[in-house]
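Please open the structure in the viewer and keep the selection tool at hand.

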Amino acid sequence: MVDQEVDVAAGTAVVDADAVDRRSTDGVLARVRAGTGELTGALRRVAEHVLSDPEAAARATIVELAERSGTSPATITRFCRAMGFDGYADLRLGIASETGRARSAGWTVDIGREIQPGDPLARVLDQIMAADTRAMHDTAALLDLTEVERAAVAIAGANRVNIFGASGSALVGEEMQFSLHRIGVAAWAWSDVHEGLASAALLGAGDVALGISHTGQTRETIEMLAEADSRGATTVALTGFPRSPLAELADIVLLTASQATTFRPDALSARHPQLVVLDLLYIAVAQRTHDRAHAAFRRTAQAVDGHKAAKGATS
């Protein structure tokens with residue numbers, strides 16, 4: 001039965017079209033993936049149907065897509081606008097272009113099929129590479145380089161940088177802290193909420209706080225970033241959801257995409273895209289502090305050089 005509800009609240013309150021990247025048709029499916037968790041009702045059913053079979057959605061008329069998703073043409077139109085498109089024709093073109101590129105790029109691995117215990121490692125490797133490749137491409141399409149630039153400028157001029165994250169995001173944060181520290185940026189990574197809150201309370205104007213959470217829902221990370229924000233620090237969020245509490249709290253938002261599979265949950269599949277974005281941010285900071293960064297990196301490399309195994313020595 002076709003859904004004839006108006007569904008105005010779901011179409012206007014959940015997804016802000018201004019937050020969607022309008023630069024090109026790249027990353028259409030990434031936009032839908034990132035926004036699905038924030039949609040409700042009929043709009044969510046449309047998103048799930050598009051993601052389940054993008055090629056069929058690209059071929060369908062607006063009436064056909066409405067019937068297949070159990071919604072109405074008016075809901076399809078609201079969904080298109082929520083995704084940043086003027087109408088259904090633009091959405092179809094974007095999906096068709098993206099699925100066509102995927103075929104030409106040779107992404108023939110069935111990402112969503114569960115890996116069986118007896119599958120050969122060659123196929124497991126293909127699955128992992130295909131999932132990560134798609135996630136990287138989707139992240140590149142979602143990422144706003146203007147926001148990366150703003151974050152790099154803030155970190156390059158910061159007195160100190162605090163990085164907050166829990167669980168797997170804490171590991172990503174520690175990697176970023178290490179990279180920044182090697183080029184002379186005073187950075188600390190905190191995963192314990194008590195220690196993180198105490199450190200955040202000492203921040204002020206001219207400092208930067210970076211919160212990492214794929215879902216943007218991690219309470220401890222939100223609390224630590226909120227404390228830093230209340231002290232006047234510039235706040236940055238690295239997340240996969242632009243309307244999450246963490247993103248809405250931050251001054252600067254860096255978006256990542258993930259390719260969830262049956263063998264690797266969404267949060268775990270987000271790690272590599274997170275590392276790529278932070279690596280880009282790290283290099284951008286190094287570019288803006290070139291002389292200082294180069295001197296610091298040379299000194300730190302010299303300091304540990306004596307602990308490297310001598311050439312040709314055996315362990």
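The stops below visit the sheet, the nonpolar cores, one serine and several salt bridges.

This is a predicted model, in which local features need pLDDT of at least 70 and side-chain atom pairs count only at pLDDT 80 or more, while totals for chains, interfaces and linings use all residues. Residues are numbered from 1 along each chain as its sequence is written, and side-chain values use heavy atoms, with hydrogens and water left out.

**The sheet**

Begin by selecting the five strands, which form an open sheet in the order 2-1-3-4-5 with parallel pairing. Strands (E, at least two residues) and helices (H or I, at least four) are DSSP runs, numbered from the N terminus; two strands pair if DSSP finds at least two bridges between them. Which strands stand at the edges? They are strand 2 (187-190) and strand 5, each of which pairs on one side only. On average, neighbouring strands of the sheet are turned by 15° against each other, direction ignored. Such angles run from 0 to 180 degrees between the N-to-C directions of axes, which are lines fitted to C-alpha atoms, for helices over the stretch in contact.

Next, select strand 3 and strand 4, which pair in the parallel sense over five bridges. Here I212 stands opposite L238 in strand 4. Contact means heavy atoms within 4.5 Å.

**The nonpolar cores**

Now select V161, L180, L254, L281 and V285, the residues with the most contacts inside the largest nonpolar core, which has 31 residues. A nonpolar core is a set of buried Ala, Val, Leu, Ile, Met, Phe, Trp, Tyr and Cys residues joined through side-chain atoms within 4.5 Å. Buried means under 20% relative accessible area, exposed over 50%, and partly exposed in between (1.4 Å probe, protein chains only). Among the elements that give two or more residues to this core are helix 9 (145-156), strand 1 (161-165) and helix 15 (271-288). Helix 15 gives the most, with seven residues.

Centre the view on V161; leaving aside neighbours within four places in sequence, V161 is in contact with residues including L180, W188 and V208. A second, separate core of 22 residues includes V32, V46, L65 and A66.

**A buried serine**

Select S169, which lies in helix 10 (residues 168-182). Is S169 buried or exposed? S169 is buried, because its relative accessible area is 7%. Apart from neighbours within four places in sequence, S169 is in contact with I212, S213, H214, R271 and Q274.

**The salt bridges**

Side chains of opposite charge can pair when their charged atoms come close. How many salt bridges does the structure hold? There are seven, a salt bridge being a side-chain nitrogen of Lys or Arg within 4 Å of a carboxyl oxygen of Asp or Glu.

Select D138 and R33, whose side chains meet in a salt bridge (2.5 Å, N to O). D138 lies in helix 8 (residues 121-142) and R33 in helix 2 (residues 28-36), so this pair ties together parts that are 105 residues apart in sequence. D138 is buried, at 3% relative accessibility, whereas R33 is partly exposed, at 24%.

Finally, select E147 and R150, which form a salt bridge (2.9 Å, N to O). Both residues lie in helix 9, three residues apart, about one turn of the helix.
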